[in-house]
Amino acid sequence: MVEQSLLDVVLNSRGHSTTVLNRVIYVAHVEKSSSDLSALEAFHKPLLNESFDDVSRCTGLLMHMGNDTVLHMLEGPSQSVEAFIQKLHNHTGPLSDIRVILSTEDIPNPAMPSWIVKSINLPRADSDLDAKEPLAPHLYRTYKGLVEVGAILTELQGEERDRAIEDMKGKYHEKLPGNELIASMLKSDQTCTLSEFLGIFTEEVQILEESEQIWPMLPGLQY
């Protein structure tokens, strides 16, 4: 029996694909003049076409909420997703105050069956969070809910899937974030801007010991 290497195990778990898939979710305000679905789709599609070699590999969910905010979950090959975020940073169009709320690298498979654009109005006063309230539990529930909705839609086919997407609010509202939660994410300093997010991958990493940040420097240890 031939022993498997760690690489064999990893490739087997990924169906022998060497393509790394990433998922990123951001929220933003959107100009009232560009808040209809056709305008939002018209802004995003050219960026996606420029970023993805094969746009059919782009999946996700772009939701326009009822309070002139958007949430966009984008999935695809890592280089394509990173290219899209860079292009969005260079040209934000009708979007402002963009905050990345979550990024997952090397996901096993996309959650969504395609790239979906929806307008969903979900007012929930109880999700208007205090600025000091921890955001992580709400981010996790949002992420988990979106992935679960995607898994349900992926299992459906044809007209049944189309009907489910059309009535996404009615069928899956309990799994989707409310308007006020998106607004709270935008106000929170527990999320990061596009510049800060891109800086994670491009800026030089500096590791300093606490003692190295003190002046005058402490005398060295003598043995």
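What you're looking at is a predicted model, where local features need pLDDT of at least 70, side-chain atom pairs count only at pLDDT 80 or more, and totals for chains, interfaces and linings use all residues. Residues are numbered from 1 along each chain as its sequence is written, and side-chain values use heavy atoms, with hydrogens and water left out.

Start with R23, which sits in strand 1 (residues 21-30); strands are DSSP runs of E, at least two residues, and helices are runs of H or I, at least four, numbered from the N terminus. R23 is buried, at 4% relative accessible area (buried is under 20%, exposed over 50%, partly exposed in between, with a 1.4 Å probe and protein chains only). Its side chain makes a polar contact of 2.7 Å with that of E75 and another of 2.6 Å with that of Y143. Such a contact is a pair of N or O atoms within 3.5 Å; within protein, one must be able to donate a hydrogen and the other to accept it, and residues adjacent in sequence count only if both atoms are side-chain atoms.

Now for the nonpolar cores, meaning sets of buried Ala, Val, Leu, Ile, Met, Phe, Trp, Tyr and Cys residues joined through side-chain atoms within 4.5 Å. The largest has 31 residues, and L153 and M168 have the most contacts inside it. Helix 4 (residues 136-155) gives the most to this core, with five residues. Apart from it lies another core of 25 residues, including F52 and L194.

Finally, check the backbone at D97, a non-glycine with a positive phi of about 55°. D97 is in strand 4 (residues 95-104) and is partly exposed at 48%. D106 also has a positive phi of about 55° without being a glycine.
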